[in-house]
Amino acid sequence: MSLQSFFEKDSFPSNTSRGILAGFVAGLVGTAVKAGVERFLEVRKIDQRSAQIKVMDKFSTKLIGSPIKLENEGIVEQLVNLPLGATVGAIYGYGKRDKDEMNMLDGAILGATTWASTHETSLPLMGLDKSPEKVPFKTQAHELIAHVVFGVTTEIVRSYINDSLRNHEEEK
């Protein structure tokens, strides 16, 4: 059996594999689009370090004895964001493994819940971000918008890749 015919089958292993793969790639694309949106929306103050940099700074200091250099912070932040976004996408793709149709509301919900579970709860609880009451409404709204864009992009790309994997043979 070829890999292509495996993905075209309608079975639990095929649907699961297709869903995870489509979600993984979609999460990467969604993360890249979110990073682009964040360049135009103020999601934190200029001098404020992101949670990703704070974590990686501690890791770098323990590993090599010095924090991350200022000029490397942008790339380090994306080295955290991309695998995290891909993982969220893969989990999302697994959850949608039996749903081939695109549903942008599902993507918006993915983005909003990702925002709520990070910026509104877990990051403040871990001391990596300010508590939501101390973050200006405009900043919170921008962060929410960026996350919703991540979720919607992830859903659009997931649906497209899932369709392409499932229907590749029909186009020939």
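How much space lies in the largest cavity? Keep that in mind as you look over this predicted model; here are my notes.

1. Let's settle the opening question. The largest cavity holds about 250 Å³ of space. By the rule used here, the count comes to one cavity of 30 Å³ or more.

2. Now look at what surrounds that space. The largest cavity has 20 lining residues, and Val 43, Gln 48, Asp 129, Val 135 and Thr 139 are the ones nearest its centre. Sorted by type, the lining splits into seven nonpolar, six polar and seven charged residues.

3. Which helix gives the most to this lining? That's α5, with four residues. Helices α3, α5 and α6 each put in at least two.

4. Just after α3 comes Gly 65, which takes a positive phi of about 85°.

5. Do the same for α4. Its 23 residues should span 33 Å at 1.5 Å a residue, and the end C-alpha atoms are 33 Å apart, so this one agrees as well.

6. Finally, see who is tucked away. In α3, the buried residues are Ala 51, Gln 52, Ile 53, Asp 57 and Ser 60, and their cover includes α4 and α5. In α4, the buried residues include Gly 85, Ala 86, Gly 89, Ala 90 and Gly 93. What covers the buried residues of α4 includes α2, α3, α5 and α6.

Key
Residues numbered from 1 in each chain as written. Predicted model: local features only at pLDDT ≥ 70, side-chain atom pairs only at ≥ 80, totals over all residues. Heavy atoms only, no water. Buried < 20%, exposed > 50% of the residue type's maximum accessible area, 1.4 Å probe, protein only. Contact = heavy atoms within 4.5 Å. Expected span 1.5 Å × (residues − 1). 1 Å grid on protein atoms, 1.4 Å probe; cavity = no way out; pocket = protein on both sides within 12 Å on 5 of 7 lines; lining within 4 Å. Points joined across faces, edges and corners; volume = space filled by probe spheres on them. Nonpolar A, V, L, I, M, F, W, Y, C, P; charged D, E, K, R; others polar.
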